[in-house]
Amino acid sequence: MSALVTILDDEPAIREMLSEALTEAGYRTLTFARATEFEAALRRTTPDICLVDLGLPDRDGLSLVHRLALEQGASVIIISGRAQVQDRITGLELGADDYIIKPFDPSEVVARVRARLRGPKRAQPGMTARFNGWTAHFDRFSLEDADGTETPISQAEGEVLRLFLESPKRLITRAQMQEMLGGAAGESFDRAMDVRISRLRTKLREDPKNPRLIKTIYGAGYIFLGEVDWG
């Protein structure tokens, strides 16, 4: 069955344009004008990608993005007329996987969706990795410390962490990350990676001035230095 893409935007013309472009590309779509309608639908179905506008009539889109990414582990692409750099940074920090500024060409959205779906799939239930006193649970996207306290991570953060854990003590370049995780190359992708890695370091209680696990190799990429046991 083809992937399901939900479109949440209060502008009918944008919903119709995106739905038509995505349907022609082979995806199934559901469209919504209000957050309440969208959230009701989430109780009945699980989309592969959520396209979310920030300027919704009944709810702040950023809070919805945060809930989708953190609580449900959904893959989220923001579509918004808010073009300020801080808006993009905030959206990425709250868990969005990508940020597209209006006006846009629908073919660009289709390309971004396709790139996301080419990225790593969700881990199967029970998939865990242990490293340096931590346990990563990829079935529910959380980090568990040695005392059993769990901290949720977004799907986007989980994809980056899994990439590191699958290649410990090996240099991973930005180009390799873009190829393996999907997404449009360029400043937007680089900023998204910086934000996700920063959030992971915070949740792993790393010293930002001297991280022990995720090391930045300036001008080259990153290396994960932990000992990893998959089980």
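Modeller: Helices, of at least four residues, and strands, of at least two, are DSSP runs numbered from the N terminus. With those labels, Arg205 is placed in the loop between H8 and E11. The model is a predicted one.

Biologist: How do you know how confident the predictor is in the protein chain?

Modeller: pLDDT gives that confidence for each residue, on a scale from 0 to 100. The mean for the protein chain is 86, and 91% of its residues reach 70 or more.

Biologist: Which residues have pLDDT under 50?

Modeller: Residues 121-126 stay under 50, and the model has 13 contacts for them beyond four places in sequence. Where pLDDT is low, the predicted coordinates should not be read in detail.

Biologist: What makes E1 and E3 a pair?

Modeller: Two strands pair if at least two bridges are found between them. E1 (residues 4-8) and E3 (residues 49-53) have 4 bridges, in the parallel sense, so they count as paired. Leu8, for example, has Val52 in E3 as its bridge partner.

Biologist: In what order do the 5 strands of the open sheet stand?

Modeller: The order is E2-E1-E3-E4-E5, with parallel pairing. E2 (28-32) and E5 (98-101) are the edge strands: each has a single partner strand, so one side of each is left without a neighbour in the sheet. On average, neighbouring strands of this sheet are turned by 20° against each other, direction ignored.

Biologist: Which strands does helix H1 lie across?

Modeller: H1 (residues 12-24) lies across E1, E2, E3 and E4 (76-80), and runs at about 170° to E2.

Biologist: What makes Asp9 and Lys102 a salt bridge?

Modeller: The cut-off is a side-chain nitrogen of Lys or Arg within 4 Å of a carboxyl oxygen of Asp or Glu. Between Asp9 and Lys102 the N to O distance is 2.8 Å, so the pair meets the definition. Asp9 is in the loop between E1 and H1, and Lys102 is in the loop between E5 and H5 (106-118), 93 residues apart. A network of salt bridges links Asp9, Glu11, Asp53 and Lys102. The whole structure has 14 salt bridges.

Biologist: What is the peptide bond from Lys102 to Pro103, cis or trans?

Modeller: The bond is cis, with omega near -5°. Pro103 is placed in the loop between E5 and H5.

Biologist: How do you know that Arg205 forms a salt bridge with Asp145?

Modeller: Their closest N and O atoms are 2.9 Å apart, and the limit is 4 Å. Arg205 lies in the loop between H8 (187-203) and E11 (214-217), and Asp145 in the loop between E8 (142-144) and E9 (150-152), so the pair ties together parts that are 60 residues apart in sequence. Exposed means over 50% relative accessible area; Arg205, at 53%, therefore counts as exposed. Asp145 is buried, with a relative accessible area of 9%.

Biologist: What is the phi of Arg205, positive or negative?

Modeller: Phi of Arg205 is positive, about 60°, although Arg205 is not a glycine. Asn132 also has a positive phi, near 50°. Asn132 lies in the loop between E6 (128-131) and E7 (134-137). At 45% relative accessibility, Asn132 counts as partly exposed, since that value falls between 20% and 50%.

Biologist: What makes Lys203 and Glu157 a salt bridge?

Modeller: Their side chains meet at 2.8 Å, N to O, against the 4 Å limit. Lys203 is in H8 and Glu157 is in H6 (residues 155-166), 46 residues apart. Lys203 is buried, with a relative accessible area of 18%. Glu157 is buried, with 2%.

Biologist: How many bridges join E11 to E12?

Modeller: There are 4 bridges, and the two strands run antiparallel. Tyr222 in E12 is the bridge partner of Thr216. The hairpin of E11 and E12 has 3 residues between the strands, and Gly219 in this hairpin takes a positive phi near 85°.

How values were computed. Residues numbered from 1 in each chain as written. Predicted model: local features only at pLDDT ≥ 70, side-chain atom pairs only at ≥ 80, totals over all residues. Heavy atoms only, no water. Axes fitted to C-alpha atoms, helices over the stretch in contact; angles between N-to-C directions. Contact = heavy atoms within 4.5 Å. Buried < 20%, exposed > 50% of the residue type's maximum accessible area, 1.4 Å probe, protein only.
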